[in-house]
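This report describes a two-chain model in short sections. The structure is shown first, and the description follows.

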Amino acid sequence: MSTGWFSAPAPVTQRVRAFFAPVNRKLQAPVIFDPCKQGGFILDTPPAPWIDLGWIQNFSRSATSKIASVNSGVPAIVLEQVRESTEGNVNFEFLSWTKLTMALATGSQHMNLLSTAQTASASADGGQATTAISMLGGSTASSILLTPSDAAQFSAGSIIAVDTDYTGQTGFVGTPISGAYLRQPLTDIDYIRRVTFNVAIVSQVTQNGISLAEPLPGGTPTSNAKVQQVAGFVDRLGGYFCHEWSALFVMEGSQGERIFFHYPRLQSMADAEEAPIPLSGKGSSKRVVLKSQFRALPVVDPLDAERVLCYRSFLPATYALV
Amino acid sequence: MQNAKDSFYMTLRSRLTAINPQRTIMLRGAVRPGILVEEAEAAFSQPPADVFVLRWAGLVTDMELDTAMACTECEITYQTCGSQSFGGLDRGRMLSAMDQELVELLQPFHAPKMCYTATPPSQMLTQVFWDEPIFGPIAEQRDMLSRSARVIVYSYLEQEK
């Protein structure tokens with residue numbers, strides 16, 4: 001290789017990749033991304049617990065912080081500046097509809113449409129569900145062990161939700177990802193499975209249970225978790241629950257450099273909204289993308305106790321002058 | 001700029017070998033991967049079928065940057081008559097296969113820039129990168145189907161050997 005250095009112009013990127021990780025709401029613990037240790041990760045295989053949400057479009061972030069001047073004298077002249085407020089927003093569009101992207105792009109609870117019993121009365125967000133199936137010991141995030149008769153109730157392509165029964169608790173529910181906040185007890189034993197993020201698609205059914213195409217986002221389910229079939233997803237315009245996630249946005253430059261935008265705490269700040277985008281200038285087909293708007297919330301940086309909304313990191317290209 | 005053009009071609013050539021090693025061409029007595037640069041071969045009246053032919057076209061430079069950048073347009077053409085065993089009735093399928101191959105050849109949209117003036121080639125400081133291809137319509141000439149795709153290839157004009 002020839003030796004030397006080059007003066008790198010501004011990064012050239014084509015796309016932005018989004019990764020999210022659940023904030024532990026009970027402990028108020030966000031997930032921290034370390035660009036020094038983890039910055040070289042392969043985009044298709046992010047470090048745990050980050051979840052790849054694919055490429056996004058129209059990514060924009062805006063700092064709406066206010067900086068005011070302190071004036072003095074006649075005529076007044078600026079003596080110094082003070083920061084009055086710190087606020088930051090992030091806007092973008094998801095290019096796919098999944099459990100996670102839909103949930104992130106809505107401002108309230110996002111629910112799984114549990115398969116309903118034959119006798120269930122009609123309900124806008126899922127009526128009385130079929131009885132949940134208990135797992136056998138030894139199940140993992142990718143393989144749910146069941147009795148042969150229970151396994152026969154599923155088929156390849158089925159969507160399942162895996163979580164515990166609801167037993168009257170209040171506060172944040174869903175482990176390890178909180179899917180809702182309950183102010184008062186409910187009577188629905190399936191409520192946690194309605195809001196859980198532990199959903200996956202069945203890739204194979206065997207005598208011993210079911211294999212999943214992708215591991216459950218929450219990892220290995222607890223021993224008392226149960227399985228229910230899911231028909232789809234539903235969210236509502238209304239409600240008060242705000243999802244909170246740690247977010248990481250990556251821009252990869254043409255020379256191998258990387259820009260990271262790490263928001264330890266992001267909350268959705270808008271109700272569900274879609275945007276139809278024409279596929280070409282000729283036809284009438286439109287792609288319906290999920291519009292997302294988030295507000296950044298602060299964390300206290302242990303380095304110097306400053307309150308911080310976002311970390312922007314830059315890993316330069318090899319041999320680029322800095 | 002020549003290093004960028006060479007690097008782009010060699011990248012596509014090595015990727016083609018991995019994606020479809022059966023796509024080859026007998027050229028100047030040697031069997032090579034089925035991709036060539038028009039300006040680096042003897043002139044031919046009719047482009048060979050079932051191979052990718054790269055033709056370098058427009059050039060734009062941006063000299064205002066700290067390191068100047070060159071944007072070169074590459075037209076990649078390919079054509080097929082189908083296979084003899086099917087009497088050419090599979091020419092549409094074979095053109096579609098080449099469409100798909102080209103999409104795969106171009107990803108990822110960057111590669112190390114190499115200097116091929118010496119053996120072994122040496123890696124330079126920057127990378128060559130390019131946009132997504134813009135495909136043209138299918139052209140039909142008797143029993144021959146052909147298509148061309150345009151790709152803008154970018155490179156920084158570091159000190160080249």
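## Nonpolar cores

The largest nonpolar core of this predicted model has 53 residues; a nonpolar core is a set of buried Ala, Val, Leu, Ile, Met, Phe, Trp, Tyr and Cys residues joined through C-beta atoms within 7 Å. A residue is buried if 20 or more other C-beta atoms lie within 10 Å of its own, exposed if 12 or fewer, and partly exposed in between, with C-beta atoms placed from the backbone. The residues with the most contacts inside this core are A:Phe20, A:Ile160, A:Ala247 and A:Tyr263. Strand S15 of chain A (residues 244-252) provides its largest share, five residues. Helices (H or I, at least four residues) and strands (E, at least two) are DSSP runs, numbered from the N terminus.

Leaving aside residues up to four places away in sequence, A:Ile160 touches A:Phe154, A:Val199, A:Ala200, A:Val202, A:Val227, A:Gln228, A:Gln229 and A:Val230. Two residues are in contact if their C-beta atoms, placed from the backbone, lie within 7 Å. Another core lies apart from the largest one and has 27 residues, including B:Tyr9, B:Leu36, B:Cys74 and B:Val151.

## Basis and confidence

Residues are numbered from 1 along each chain as its sequence is written, while chains are lettered from A and ligands numbered from 1 in the order in which they are written. Because the model is predicted, local features need pLDDT of at least 70 and side-chain atom pairs count only at pLDDT 80 or more, whereas totals for chains, interfaces and linings use all residues.

The model scores ipTM 0.81 and pTM 0.89. Chain B averages a pLDDT of 94, and 98% of the residues score at least 70; pLDDT is the predictor's confidence in each residue, from 0 to 100.

## Chain A overall

Chain A contains four helices and 21 strands. Its C-alpha trace spans about 80 × 60 × 50 Å along the principal axes. Of the 322 residues in chain A, 33% are buried. Among contacts in chain A with a separation of 6 or more, 69% join residues 24 or more positions apart.

## Helices of chain B

Helix H2(B), residues 91-105, has 15 residues and reaches 21 Å from its first C-alpha to its last, close to the 21 Å expected at 1.5 Å a residue. The expected span of a helix is 1.5 Å times one less than its number of residues. The buried residues of H2(B) are B:Arg91, B:Met94, B:Leu95, B:Met98, B:Glu101, B:Leu102 and B:Leu105. They cover an arc of only 115° around the axis, and therefore lie on the same side of H2(B); the arc is that of the directions from the helix axis to the C-beta atoms. The buried residues of H2(B) pack against helix H1 (2-19), strand S4 (52-62), strand S5 (69-80) and S10 of chain B. On the face turned away from the buried side, H2(B) carries the exposed residues B:Arg93, B:Gln100 and B:Glu104.

The 18 residues of H1(B) should span 26 Å at 1.5 Å a residue, which agrees with the 25 Å between its end C-alpha atoms. The buried residues of H1(B) include B:Phe8, B:Tyr9, B:Leu12 and B:Leu16, and also B:Asn3 and B:Lys5.

## Interface between the chains

The contact takes 16 residues from chain B and 13 residues from chain A. On the side of chain B that touches chain A, strand S7 (122-130) and strand S10 (144-156) are the elements that give two or more residues. S7(B) gives the largest share of that side, seven residues. The residues of this side of chain B divide into eight nonpolar, six polar and two charged. Here Ala, Val, Leu, Ile, Met, Phe, Trp, Tyr, Cys and Pro count as nonpolar, Asp, Glu, Lys and Arg as charged, and the others, Gly among them, as polar.

## Backbone and loop details

A cis peptide bond, with omega about 0°, joins A:Ala48 and A:Pro49; A:Pro49 lies in the loop between helix H1 (35-38) and strand S2 (51-63) of chain A. A cis peptide bond also joins B:Thr119 and B:Pro120, with omega about 0°, and B:Pro120 is in the loop between strand S6 (110-115) and S7 of chain B.

Although not a glycine, A:Gln28 has a positive phi of about 50°. A:Gln28 is exposed, with 10 other C-beta atoms within 10 Å. B:Arg142, likewise not a glycine, has a positive phi of about 55° and is found in the loop between strand S9 (139-141) and S10 of chain B. B:Arg142 is exposed, with 6 other C-beta atoms within 10 Å.
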